[in-house]
Amino acid sequence: MSVNIVAFGNERDDGFSEDNQQPSLIWSYLGRSALISQIDSSLSASHVGNPVFTEYQACVFGNVRLVVHDCPVWDIFDSDWYTSRSLIGGADIIVIKYSVNDKTSFQELKDSYVPMIKKALNHCSVPVIISAIGARKNGVPCTCPLCTSDRRSCVTTSEGVQLAKELGATYLELHTLNDFYIQKYFGGVLEYFMIQSLNQKSSEKMKKRKKMQKCHRVQPPQLEQPEKMPILKGEASHYDADLHNLLCCCQCADVAFYPEDLSTVVEAHKIILCSVSHLFMLLFEVKSPADIHDASIVRTAQSLFAVEAGAAFPLAPRGIPPCVPPVRVVVKDSVFCSCLPDILHFIYSGAFQWERLEEDIKKKLKDPEKTEHVLEKVKCILKTPGKLNTVKDCRSHQIKRLYNTSLRLFFNTPVLADVIFKIQGATVPAHRAVLVARCEVMAAMFNGNYLEANSILVPVYGVSKDTFLSFLEYLYTDSCCPASILQAMSLLICAEMYQVMRLQHICELYIITQLQSMPSRELASTSLSIVSLLKKAKFHNSDCLSTWLLHFIATNYLIFSQKPEFQDLSVEERNFVEMHRWPSNLYLKQLADYRNYVHSQKCHCTVM
């Protein structure tokens, strides 16, 4: 390791002369410093034969090579700019010397050569020492700003300090070249910068060595990311649309509304009407007046509707078994009766499109008073007993969707039930209207040429009671909450049996979410057979789930390959898993090679 010092300028008063016996600053330091040894010097001459600089080589701090280029004349910047720039570029420390009694040389240095030095030092952080040498012959200079008599021949301290500021240098004044100024003052500063330079070089050398070692060291293999799992998109709910379509097709209608002249008929379903209105519960005897606790609802029911019995009415409702006679209701209010189809569409659509109902009734009646009269009747029908009118000043964001909460009240209860499922020795009551609206397979079963179309008792095979109850709960409420992955798979199989695709997708998403949330330790110890789930998903046409499970097995290859169930995969499935496995065979081989390298003699710790 070495330190390169470049010194510019002449510290003698009479210019450069071989006959001058005054020692130079650099030579005085090299000769007197206790840290310097093995000094050697040589002269370098220009093309005219004059010495351009003197090169000193010595040892400092024991074994550090010290190279000093002492350039006493500034002409090197004019005659050989390339050499001067090379000297500055290779310098670790720069020393600029001048005599305080040679104002002309200082002015030339300041005006001509300092800009050159600043240009050469651009983007370099080389420490610079400016040494003002000698005792001023005029004595202490006057500090009066009007007095310039002594400034014509001597360089003042302020001028030297200003020059140091321009170069970002350290300024020193050496009144004489004795031991104190040479060793303690100038030598102390110079040696400080030499130590800083050595520390920087040592740090850079260490960084370079580490970089080289890192380049030659065997790197650990990089584990690539596993393949992205297939994305399953949920299906939007069509709950309200299913119930609205039930009104349009009039399947399983069990109530008919007539005007007083019996001229027309409007068919509906008791289960739907009772799910949104306590008034209809009272009308169809689901609740008694004592249960309602609201006289206004009782009065409205008595003044608006009359339930009739008998076979004298024309246009009997279609689609219900002969053993279940329809309920026939006479609407006493003719204006309300004329708007009944629009009101039923509003109720069957979820009872939340109030603005649309207002517009439809206004167009039909074209009378503000009659319109307000009908709307008040509708508000009373939707009123909750014991409370103020909840639909007063109704708007769509204020009307609650009632089906998925109110139909739950009729789930697995005999109230208004018109079909009973027999499953595993138990009976489960249900309502044809809900089943037909929500399930196409049951719509065909109850309306086609099947025994179930005219039967009250319907046997169910192939599923458990709990699974079937969860299936019916979804039909009634449009939601399901499986208790486990196995229950979700059983419900998926039931949904595939009855072709309820949205429920099938919900079960798929539940299974995927539960498996993704399992930590690796639980996945390795669980008794749940993922391969068995895969087989069931494929058998029941759940393509999305089966594809996802294959990717899941491949992504967790190290866990599943150790399980006995892994052998149950088909050849095609095994090939897929091997192709998409994570981590890959190549990575495991690279990891084994790296471990062997780490445990080899080459990587044993040299300290231990």
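**Close-ups from a predicted model**

**View 1. Asp478, a buried residue with positive phi.** With a relative accessible area of 13%, Asp478 falls under the 20% cut-off and so counts as buried. Its phi is near 65°, a positive value in a residue other than glycine. Look for Asp478 in the loop between helix H19 (465-477) and H20. Keep in mind that this is a predicted model.

**View 2. Asn412, another non-glycine with positive phi.** Here phi is about 60°. Asn412 sits in the loop between helix H16 (403-406) and S12. Its relative accessibility is 34%, so Asn412 counts as partly exposed. For background, most residues other than glycine have a negative phi.

**View 3. A three-stranded open sheet with mixed pairing.** The strand order is S13-S12-S14. Strands S13 (426-430) and S14 (457-459) are the edges: each has a single partner strand, so one side of each has no neighbour in the sheet. On average, neighbouring strands are turned by 30° against each other, direction ignored. S12 (residues 419-423) and S14 run parallel and are joined by three bridges; Phe421 has Val458 in S14 as its bridge partner.

**View 4. Phe468 and the largest nonpolar core.** This core has 115 residues, and Phe257, Phe421, Phe468 and Phe471 have the most contacts inside it. Helix H20 (residues 485-497) gives the largest share, eight residues. Beyond its neighbours within four places in sequence, Phe468 is in contact with residues including Phe421, Ile423, Met442 and Tyr498. Another core, of 31 residues, lies apart; Phe77 and Tyr98 are among them.

**View 5. The cis peptide bond between Trp582 and Pro583.** Omega is about 0°. Pro583 lies in the loop between helix H26 (571-579) and helix H27 (585-598).

Notes
Residues are numbered from 1 along each chain as its sequence is written. This is a predicted model: local features need pLDDT of at least 70, side-chain atom pairs count only at pLDDT 80 or more; totals for chains, interfaces and linings use all residues. Side-chain values use heavy atoms; hydrogens and water are left out. Two strands pair if DSSP finds at least two bridges between them. Helices (H or I, at least four residues) and strands (E, at least two) are DSSP runs, numbered from the N terminus. Axes are lines fitted to C-alpha atoms, for helices over the stretch in contact, and angles run from 0 to 180 degrees between N-to-C directions. A nonpolar core is a set of buried Ala, Val, Leu, Ile, Met, Phe, Trp, Tyr and Cys residues joined through side-chain atoms within 4.5 Å. Buried means under 20% relative accessible area, exposed over 50%, partly exposed in between (1.4 Å probe, protein chains only). Contact means heavy atoms within 4.5 Å.
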